Amino acid sequence: MSNTKLIRMTRLCLEVFFAHYRQAPLQAGAISIGIILAVTLLIGVRTTNENAIQSYSSATELLSQQAKWSVTPPLGSKRLDENLYFDMRADGFSNSLPVLQGVASDSNGKRWRIQGSDLMAALTSFPASVSASASQVNSEARAKTGGGLFSVNIPIGDILSGAPLVLTSKSLAEQISQDGDFVLGGVKISVIALDDASNLGSDILMDISLAQRILKRPNELSYIALFSDVSNNKSHLERLIGNRGMLIESDNGDGLTALTESFHLNLTAMSLLAFVVGLFIAYNGVRYSLLKRQRLLTQLQQQGIAKAPLMLALCIELLLLVIVGSIIGFMLGLQLSHWLQPMVSVTLEQLYGAKIFPGHWQWSWLFQAIGLTFLAALAASASLFIQLIRQPLAGNSGHFTQQKSANKIYRYLLFIAITLGFVASILLPFSQDYRYTMLLLGLVVIAIPLALPWSLAFMVNQLLKVTPKGLLHYQVAETKELIAPLSLAMMAMLLALTANISMNTLVGSFESTLKNWLDARLHAELYIRPASSQMAEVESFLKRHKEVDALYKQWYLSSKQDKLPINIVTRDKLSLAETTVFKETVENMWPAFFANKLVLISEPLAIKLNLGLGDGIDLQALPDNHFTVGGVFYDYGNPYGEVIISPETWQANGFPDTPMSLAINVTGDTDKFKQELQQAFSIPDAMIFSQEKIKQQAIIMFKRTFSITQVLNTLTLLVAAIGLFSACFMLTQARMAPMARLYTMGVNRRQLTTLVFGQMLIIVLFTCLVALPTGAILGYLLINKITLQAFGWSIAMEWDWFAYGQVVLLALVSSLLAVAFPLYMQTKQPLISSLQREVI
Amino acid sequence: MISKQILLVLILCALTITTLTACSKPSTPPSMGSLLGDNAAGYTKVDKSTPIVFPKDHLSHDDFRQEWWYLTANLETDEGEQLGLQWTQFRVALSPKKSPEKAAKKTESHTKLTDSDWASNQIFMTHAAVTTKTSHLAEERWSRRHPRLADVSTDPLTIKIDDWQWTGTGADLFPATLKVDARQFSYRLTLETSAPYQLQGEQGYSIKSADASVASHYYSQPFIQVSGTVAIDGVDHKVSGDAWLDREWSSQFLNKTQAGWDWFALRLEGGSTLMLFQLRGQDKPSFYSGRRMFADGSGRNIASKDIQLQVANWHEIDSVSYPVAWNISIPSENIDIRIEALNPDARVPLSISYWEGPVIVSGSHRGEGYMELTGYEH
């Protein structure tokens, strides 16, 4: 066939299809809705994720500059003496930036994060070089990095002179201006707004002269960022620094990325699940529209149109639908991400201290989404298209053969499902990394819906055996016929149900585990964290008071172990013995622990470092000691690894003697004593907690961690419900004719309604029944494999019947609505038009 | 020497002008003329009747917008190689306000900005360069004024930025040591002189245009003996030779019609030195000024009409042409010389780009010196 003829024929086919869709817009709509939903969730989550990850790397240093090295305060102190910075500059470490950060309150008590640095050094900390190419690169770098500050109108002279001028992102400036006069730390402040692209995030940037004044930290710095590579004279610099600070190589946000990796993976997995569910709907739509056009396609072929242009036309039709659906989905996805981002930001900022900047999206995402969706849709529809080619021209194949082939397909799908399940169950016990486990979990997720059609057919057959003859028997028998057209929607529904049930199980189990753990972990009534300068006074005050039954102390400092951020902790002996909730310990642990031979490590750290009881561990913070892991304790919701050392080891290493926090038990009125204490030492509310409050906050934080996941989960379930609705809707419409026939045979409307609702109920309930064990399996894997490996939290699994009931109810409501609507429409039509559908 | 100024001011203007003028139209970069015309407001003006007083005037003059300590040296290594060396510390006031430390003392405590050492409207920029026949290396440092970071202070007289430091003796600039550590080169020099300082122009009041609308305070020390070491790419060279120091401060440098300048510091055989500059007009003829100076402190100013400067050769660096060879004729001084760059590629490609390098003098007098060419980058 010549090309021109192929094109002409294809165009003809497309025109016919277009005319068809004008007659039946519902079919095109069903396909598009599936694609739109799939792409929406995919893009929404992707934008959110990429944005967060991008933020980590740019958050490392303001002005988009990346410091290769930094000098941080020595272990146990919070700030550096600025003399260290002067000494470094005087020694030739010129490309360095002193930074003082902190939190200051405005006149309304609202707290703001402050970034103070030598803005002159920030603007000019670039290595200047003499070679032409280097200087070119240099000026480009300057244009790029400094541009943000040079391009706007900044009275830098006033700023360097200590004038109360600060720089913020535009959005933050608007927020500030709403409150009227802006007074920070007693200083009235004028705000200069920078473009949001300047990566200021939610920080207030100011010159160090002002920051030291507002934060009341004269002569102090939080850290020093070094922009030149000091690896060549590292030892020289380390000698210069001495014990005044620590030289640390920056990881450009890698640490934060590693910390939040599992969180983002979770989101990605959820979005892929939603994508698959959406594709199910689209596939169902394609299938339905082909079914409706079977006669049309045959007629076209009988008119002499060859298979090649017909196929081409079908592919083009699919592509067009994909493009339209993807574009709409892309826009909705960006909007979705806009809604999700605050939620993610809150989680990430609260949990990991990460800054999230306003997002950017890329056109390439749209093209990727179109490509992915088209390929997936084509792969899903390929079998349908092929079936269509093989279809004999002489007319429709008989009903019986269709049913027979359906049974064959069910068995085939079941076989695949069992194989996948088998492979997963063999490999799962060996997987130590949550990424592989996630992959294997993916196999299980695919296997579950594949087994559904056979399971449904099996259950209906069993039901048929116990059903009395008559209309009821007919009803059940016909249900079997409905499995084939409904199976796809039911698969999507099952997937969503399973995911939802397992997620609910995980969240519910975690909450109760957390509560139990908190009960054991928190033994005191009041937890106090006074300023370290007050600590001694507070301690003696507490000792003087008779109401104080017990006084517990805690010391800790931040460190790193194998690039993971950890806390080194010690407590008084009683607290250690009473409040450490162990997963496992060596025998006779305590004596060896207090003899400074053992350390205790948190469960997440044990899993991340792959350490077990009896393993040796050399702590970076205690380079002269060698320890053995004597116990692993539970630690939930703490993103940092924790290592407990004995108080003697703490003292022997010369760490600060002053405890970081105190805990007390009080006889009598705790609240009254708390107020007394606060008044005596003016301890802010944020530094004194009752046990109740800690528990409350822990639960709130935990809920935030999971809120985004639950939102996505609910969205997936909604997508599946929409899918089910559209499938039922189309099916019921298709069944108008047989129902009209039954009506003419004397079955009255009430009986008919009961019949149709009953059938749908059977299928949905059976699907929910299948979702029960699969949800439990998935929940088990999520708890005992994924969460344990990714977060390092052991959770006792708890089954939540109430949550299960809720999702079953949602499935029922959506399917019943889908049936009721066309039935209601039918009552408005004359009987004859329903009967005529048979012939058309 | 003036040329750096313009460019420097241009850059800094991007920072400072904002509050004054740019709020209305931030996207249009200010033209050089309007910029230099408008911005001197609030700064102290150069005044003919203000005499130069030593040692006070070795220190910085914060109420003037710009100022520099400018050393160039023609040296020879032990191996007999010729070598040029530059060290310049620029000071720029970012706003016409008095520095806050001073303001603080006069006002009540609640009105003063802050007494932090960090607070200062003064910034420093230092350029250091080493030029041989075959290479030209230059680096820069920037810093705000802070007594521990970058400052000019007395007793001993110190001009420093980080670890680059001029250390004089007592309140005087000389004898001095100069220490610079850049990544590709470093030098440690001892600087001595027995000659009196030379006041340029009329007792240090140096006019920069024919109509005398622009001027600066300007004095020099053209007779400095240098010894020390220069390390290039890690290789030490013992050096000795002569150097020249210029001190200049003002609040406005070019008028609207001026495009750039060519400046020469020449040491002629027979023991005299010659300072010469040309301010090139955009349309109008150039303005020339010069002074022939002797080690006993005496000297003769050379009027604009007596100076003839002609470009003898152009050299292109990155598509910018610089006049790297000149014919200079001053009949009143019996001078008719040709000047050629030791290394024509001596462009300083830092935040501000200009040509600055050692030159060889031939013709009626032999000698050597330094040349600065600015305003050619367009």
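Which residues touch the most other members of the largest nonpolar core? In this predicted model, that core has 148 residues, and the pair in question is Ala492(A) and Leu495(A). Helix α17 of chain A, spanning residues 471–521, gives the most to the core, with 22 residues. Leaving aside residues up to four places away in sequence, Ala492(A) touches Val277(A), Phe280(A), Ile281(A), Ala720(A) and Gly723(A). There is also a second, separate core, this one of 133 residues, and its members include Leu167(A) and Leu226(A) along with Trp142(B) and Leu274(B).

Now for the packing of α17(A) against another helix. Helix α16 of chain A (residues 452–466) packs with α17(A) at an angle of about 150 degrees, the two axes being 9 Å apart. Since angles over 145 degrees count as roughly antiparallel, that makes α16(A) roughly antiparallel to α17(A). The crossing of these two helices is right-handed. On the α16(A) side, the residues that meet α17(A) include Leu452(A), Pro453(A), Leu456(A) and Val460(A), while those in α17(A) include Val476(A), Ile483(A), Met490(A) and Leu494(A).

Turning to the strands, β14 of chain A (residues 548–561) pairs with two others. With β21 (residues 661–666) of chain A, the pairing is antiparallel and runs over six bridges; here Leu551(A) has Ile664(A) in β21(A) as its bridge partner. With β15 (residues 564–571) of chain A, β14(A) again pairs in the antiparallel sense, over eight bridges, and Lys560(A) is bridged to Pro565(A) in β15(A). The β14(A)–β15(A) hairpin has two residues between its strands, and Asp562(A) takes a positive phi near 50 degrees there.

Definitions and conventions. Residues are numbered from 1 along each chain as its sequence is written. Chains are lettered from A and ligands numbered from 1 in the order in which they are written. This is a predicted model: local features need pLDDT of at least 70, side-chain atom pairs count only at pLDDT 80 or more; totals for chains, interfaces and linings use all residues. A nonpolar core is a set of buried Ala, Val, Leu, Ile, Met, Phe, Trp, Tyr and Cys residues joined through C-beta atoms within 7 Å. A residue is buried if 20 or more other C-beta atoms lie within 10 Å of its own, exposed if 12 or fewer, and partly exposed in between; C-beta atoms are placed from the backbone. Helices (H or I, at least four residues) and strands (E, at least two) are DSSP runs, numbered from the N terminus. Two residues are in contact if their C-beta atoms, placed from the backbone, lie within 7 Å. Two strands pair if DSSP finds at least two bridges between them. Axes are lines fitted to C-alpha atoms, for helices over the stretch in contact, and angles run from 0 to 180 degrees between N-to-C directions. Angles under 35 degrees count as roughly parallel, over 145 as roughly antiparallel, 65 to 115 as roughly perpendicular and the rest as oblique. A crossing is left-handed if the near helix is turned anticlockwise from the far one by less than a right angle, and right-handed if clockwise.
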